Amino acid sequence: WRKRIAGKADNAAALNALVDGYLSAQSRNSAGTSCPTSGFAIDVAREPADKPIHAAYVEGLKRQIDILLSIQEGGDAGADRSHALAQMATMVGAMVLARATRGDPLSNELMAAARDHLRASP
């Protein structure tokens, strides 16, 4: 993600780069080689919280949230964190659902709706 946002003109452009890359047909169709956050969410959820996979997953998710937090423009730390968390949840949720509905037009609709929502967010 850091490479994807490097050199972007502003925070909005950086967010759009993340959103467009994450919520793409290529990402949806390559679950085994794309983001492990959406790829393993269901599997990790079934594991006990004391398992090493759980700790690794949480650490990776926190790193992604920190990147989203770094491109927030609100100026209020609490609100910016909440916004970054909602952005992450929207992207991951949309990708999980898009993968589950792959092959049906609903899959593309889910990704498009999430992209549009995230781009329109203040």
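Me: Is serine 24 buried or exposed?
Reply: In this predicted model, serine 24 has a relative accessibility of 18%, so the residue counts as buried. The cut-off for buried is under 20%.

Me: Where does serine 24 lie?
Reply: Serine 24 is in the loop between H2 and H3.

Me: And what is serine 24 in contact with, leaving aside neighbours within four places in sequence?
Reply: With those neighbours left aside, serine 24 is in contact with Met95 and Met111.

Me: What about glutamate 73, buried or exposed?
Reply: Glutamate 73 counts as exposed, because its relative accessibility is 59% and the cut-off for exposed is over 50%. The residue is found in the loop between H6 and H7.

Me: Which residues does glutamate 73 contact, leaving aside neighbours within four places in sequence?
Reply: Apart from those neighbours, glutamate 73 is in contact with Asn11, Ala12 and Asp80.

Me: How many residues apart in sequence are glutamate 73 and alanine 45?
Reply: They are 28 residues apart in sequence, and their C-alpha atoms are 32 Å apart in space.

Me: Now H6. Which of its residues are buried?
Reply: The buried residues of H6 are Tyr57, Gly60, Gln64, Ile65, Ile67 and Leu68. Seen down the helix axis, the buried residues of H6 fall within an arc of 155°, so they line one face of the helix.

Me: What covers the buried residues of H6?
Reply: The cover includes helices H1, H2, H4, H5 and H7.

Me: How many residues does H6 have?
Reply: H6 has 19 residues, numbered 52-70. From the first C-alpha to the last, H6 reaches 27 Å, close to the 27 Å expected at 1.5 Å a residue.

Me: What about H2, what should its span be?
Reply: H2 has 12 residues, which should span 16 Å at 1.5 Å a residue; its end C-alpha atoms are 16 Å apart, in agreement with that.

Me: At what angle do H2 and H6 pack?
Reply: The angle is about 145°, and the two axes are 9 Å apart.

Me: Which residues meet there?
Reply: From H2, Asn11, Leu15, Leu18 and Tyr22 meet Gln64, Ile67, Leu68 and Ser70 of H6. The residues of this contact comprise five nonpolar, three polar and no charged.

Definitions and conventions:
Residues are numbered from 1 along each chain as its sequence is written. This is a predicted model: local features need pLDDT of at least 70, side-chain atom pairs count only at pLDDT 80 or more; totals for chains, interfaces and linings use all residues. Side-chain values use heavy atoms; hydrogens and water are left out. Helices (H or I, at least four residues) and strands (E, at least two) are DSSP runs, numbered from the N terminus. The expected span of a helix is 1.5 Å times one less than its number of residues. Buried means under 20% relative accessible area, exposed over 50%, partly exposed in between (1.4 Å probe, protein chains only). The arc is that of the directions from the helix axis to the C-beta atoms. Contact means heavy atoms within 4.5 Å. Axes are lines fitted to C-alpha atoms, for helices over the stretch in contact, and angles run from 0 to 180 degrees between N-to-C directions. Ala, Val, Leu, Ile, Met, Phe, Trp, Tyr, Cys and Pro count as nonpolar, Asp, Glu, Lys and Arg as charged, and the others, Gly among them, as polar.
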